[in-house]
Amino acid sequence: MEGRPTDSIRVSQLERELYYLIARFLLSGPCQKSARVLIQELEEYQLIPKRLDWEGKEHRRSFQSLVVANKHVCSDHLLQICQRIGPLLDKEIPPSVPGVQTLLGVGRQSLLRTTKDCKHGAWKGSTFAALHRGRPPEPPVNYGKSPNIVNITNSKQLTGCGRRNYVFPVVVYQHVKMYKRILGHLSSVYCVAFDRTGRRIFTGSDDCLVKIWATDDGRLLSTLRGHSAEISDMAVNYENTLIAAGSCDKVIRVWCLRTCAPVAVLQGHTGSITSLLFSPGSRGRTRYLTSTGADGTICFWQWNTETIKFNEHPVKFTDRSRPGSQISCCSFSSGGMFIATGSTDHVIRVYYLGSGSPERISELSSHTDKVIAIQFCNNSHSLRFVSGSRDGTARIWQYHHQEWKSIVLDMFTKLPGNNPVAMEDKVSKLKVTMVAWDRCDSTVITAVNNFNLKVWNSYTGQLLHILLGHDDEVFVLEAHPFDSRIMLSAGHDGNIFIWDLSKGAKLRNFFNMIEGQGHGAVFDCKFSADGQHFACT
């Protein structure tokens with residue numbers, strides 16, 4: 001500007017005001033010398049906004065006179081303008097990273113961005129591969145839709161890394177189809193299980209038989225005989241070498257999965273077998289098979305993985321605080337060190353298997369009615385389990401400071417602003433019929449006898465969603481083996497639902513219609529280990 005007349009520069013009124021606001025801002029801060037130099041140059045080059053008289057003629061004025069004439073303009077006026085521009089622009093054209101305020105942003109963070117800059121661009125697989133080692137970067141809020149599955153899969157192949165919720169959006173589960181319906185038992189089938197590979201399906205029926213089916217084509221591979229009453233539960237060991245079945249004949253039978261030959265006949269109960277679990281824990285070659293019964297006892301059967309020999313004399317505990325009490329459910333912790341049981345005497349008992357021999361360590365009596373469902377969380381970072389009772393509550397238990405503390409989930413809780421569901425008003429006493437965790441343990445799902453499913457935050461106990469669709473009681477809740485968004489439910493109404501837990505939405509529905517008989521109740525449902533199949537009975 002030096003040596004040039006002011007008129008030739010053609011400084012606009014807006015620029016003159018900006019110079020003024022900059023000088024005011026500098027005066028209020030540490031740069032006092034810079035402010036005085038700037039004011040001197042503004043007056044020298046006549047860049048201070050001029051005064052207009054009543055005839056519209058312009059007159060020069062000093063910096064100080066301009067300050068006096070604009071007392072409403074404070075020293076940080078320019079800063080306030082900058083602070084307000086960002087949020088106003090964010091509403092009109094959302095940035096890539098919401099909430100970040102900067103005057104120096106570039107691209108979609110720039111204060112000079114336009115709608116054209118924020119149009120959805122085509123992201124290539126090579127771009128994904130270069131960013132985050134093949135894992136797709138978090139898309140901006142305004143991206144509109146998920147990245148293309150082909151490009152994501154290609155980037156995963158390049159780098160070996162990918163996020164499942166991008167590669168498999170939940171809409172994929174809307175295309176699940178029924179592969180095969182098999183009629184192979186003479187009576188109702190109450191239990192179903194996959195082997196650890198997912199290639200074989202086991203069914204246990206009221207016809208006293210356990211049958212093995214091929215997953216790929218539904219062929220009958222073998223029939224396991226020996227029981228004289230209904231099959232009540234089945235379990236496959238973690239080595240995938242044995243299957244055990246419990247029955248109402250009070251006996252547990254174990255077969256070899258390679259030869260289908262009987263391995264053991266275990267008789268330690270005086271009542272029907274109510275649940276059966278192989279422990280995921282190990283101590284050398286020693287393992288445990290755990291059984292609970294209607295006689296109120298829990299038995300720990302020790303066996304050897306090398307000899308496949310079972311100790312016929314189990315470690316037995318009688319869990320009844322009153323005559324006639326039964327153990328209705330049990331669940332192992334993820335590491336197999338703890339097992340919790342629920343009983344009809346309202347008590348939850350916890351056992352510890354890490355000291356050489358099983359021992360009872362806790363009795364929890366918070367429920368006021370029968371405990372009919374119990375489930376440990378899937379991951380080992382915390383010791384938590386959920387229990388469901390006929391008293392209308394579920395409790396999320398956590399071992400903290402050497403004691404068990406619980407969060408109460410009341411089934412009468414409703415979502416804010418929601419009108420009461422008609423069926424909920426008809427049921428005077430709500431009861432929990434089943435409980436489950438999602439795969440990541442962030443939510444707990446409870447089935448209630450008013451046919452609703454409720455999704456709760458497992459850390460706070462907040463009700464997140466109410467899932468509606470069933471017309472009868474639900475006794476089956478099955479989480480997807482590795483997709484935490486997906487849950488299966490099935491009940492006596494013959495409906496099988498696939499749910500998106502993240503949105504509380506129904507993705508797919510199957511109905512068990514039996515020709516000539518109407519609908520058939522669904523008693524059990526299991527996912528295969530790879531999550532590609534599920535079987536229902």
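Student: Why is phenylalanine 451 called buried rather than exposed?

Tutor: The model is a predicted one. In it, phenylalanine 451 has a relative accessible area of 16%. Buried means under 20%, so phenylalanine 451 counts as buried.

Student: Where is phenylalanine 451 found, and what is its phi?

Tutor: Phenylalanine 451 sits in the loop between β24 (443-448) and β25 (453-457). Its phi is positive, about 80°, although the residue is not a glycine.

Student: Histidine 401 also has a positive phi. What makes histidine 401 exposed?

Tutor: The relative accessible area of histidine 401 is 65%. Exposed means over 50%, so histidine 401 is exposed. Its phi is about 55°, and it is not a glycine. Histidine 401 is placed in the loop between β21 and β22 (403-410).

Student: Why is serine 357 called partly exposed?

Tutor: Serine 357 has a relative accessibility of 36%. Buried is under 20% and exposed is over 50%, with partly exposed in between, so serine 357 counts as partly exposed. Serine 357 belongs to the loop between β17 (348-352) and β18 (359-364).

Student: How far apart are serine 357 and valine 315 in sequence and in space?

Tutor: Serine 357 and valine 315 are separated by 42 residues in sequence, while their C-alpha atoms are 8.0 Å apart.

Student: How do you know that the span of helix α2 agrees with what it should be?

Tutor: Helix α2 covers residues 13-27, which is 15 residues. The expected span is 1.5 Å times one less than the number of residues, so α2 should span 21 Å. Its end C-alpha atoms are 21 Å apart, which agrees.

Student: Which residues of α2 are buried, and why are they said to line one face of the helix?

Tutor: Buried in α2 are Arg16, Tyr20, Leu21, Ala23 and Arg24. Looking down the axis of α2, these buried residues fall within an arc of 160°, so they line one face of the helix. An α-helix has 3.6 residues a turn, so residues three or four places apart point the same way.

Student: How many aromatic pairs does the structure hold, and what makes phenylalanine 385 and tryptophan 397 a stacked pair?

Tutor: The structure holds 16 aromatic pairs. For phenylalanine 385 and tryptophan 397, the rings are 6.1 Å apart centre to centre, with 20° between the planes. Centres within 6.5 Å make a pair, and planes under 30 degrees apart count as stacked, so phenylalanine 385 and tryptophan 397 are a stacked pair.

Student: Which parts does this pair tie together?

Tutor: Phenylalanine 385 is in strand β20 (residues 384-389) and tryptophan 397 is in strand β21 (residues 393-400), so the pair ties together parts 12 residues apart in sequence. Phenylalanine 385 counts as buried at 0% relative accessibility, and tryptophan 397 is buried at 2%.

Student: Why is the pair of phenylalanine 527 and phenylalanine 534 called edge-to-face?

Tutor: The planes of phenylalanine 527 and phenylalanine 534 make an angle of 70°, and the centres are 5.8 Å apart. Planes over 60 degrees apart count as edge-to-face, so this pair is edge-to-face. At 12% relative accessibility phenylalanine 527 counts as buried, whereas phenylalanine 534, at 24%, is partly exposed.

Student: Which residues form an aromatic cluster with Phe385 and Trp397?

Tutor: Phe376, Tyr399 and Trp404 belong to one aromatic cluster with Phe385 and Trp397.

Student: How many cavities of 30 Å³ or more are there, and what lines the largest cavity?

Tutor: There are 2 cavities of 30 Å³ or more. The largest cavity holds about 60 Å³ of space. Its lining includes Gly86, Leu89, Asp90, Pro95 and Arg113. By class the lining has 4 nonpolar, 4 polar and 2 charged residues.

Student: What is the volume of the second largest cavity, and which residues line it?

Tutor: The second largest cavity has a volume of about 40 Å³. Among its lining residues are Tyr238, Glu239, Arg287 and Trp303. The lining divides into 4 nonpolar, 2 polar and 2 charged residues.

Student: Which residues are closest to the centre of the second largest pocket?

Tutor: About 1500 Å³ of space lies in the second largest pocket. Of its 49 lining residues, Lys180, Arg181, Ala535, Cys536 and Thr537 are the closest to its centre. The lining has 28 nonpolar, 16 polar and 5 charged residues.

Key
Residues are numbered from 1 along each chain as its sequence is written. This is a predicted model: local features need pLDDT of at least 70, side-chain atom pairs count only at pLDDT 80 or more; totals for chains, interfaces and linings use all residues. Side-chain values use heavy atoms; hydrogens and water are left out. Helices (H or I, at least four residues) and strands (E, at least two) are DSSP runs, numbered from the N terminus. Buried means under 20% relative accessible area, exposed over 50%, partly exposed in between (1.4 Å probe, protein chains only). The arc is that of the directions from the helix axis to the C-beta atoms. On a 1 Å grid over the protein atoms alone, a cavity is a set of points where a 1.4 Å probe fits but cannot get out, and a pocket is an open set with protein on both sides within 12 Å along at least five of seven lines; lining residues have an atom within 4 Å of a point. Grid points are joined across faces, edges and corners, and a volume is the space filled by probe spheres set on the points. Ala, Val, Leu, Ile, Met, Phe, Trp, Tyr, Cys and Pro count as nonpolar, Asp, Glu, Lys and Arg as charged, and the others, Gly among them, as polar. Rings of Phe, Tyr and Trp (its six-membered ring) pair if their centres lie within 6.5 Å; planes under 30 degrees apart count as stacked, over 60 as edge-to-face and the rest as tilted.
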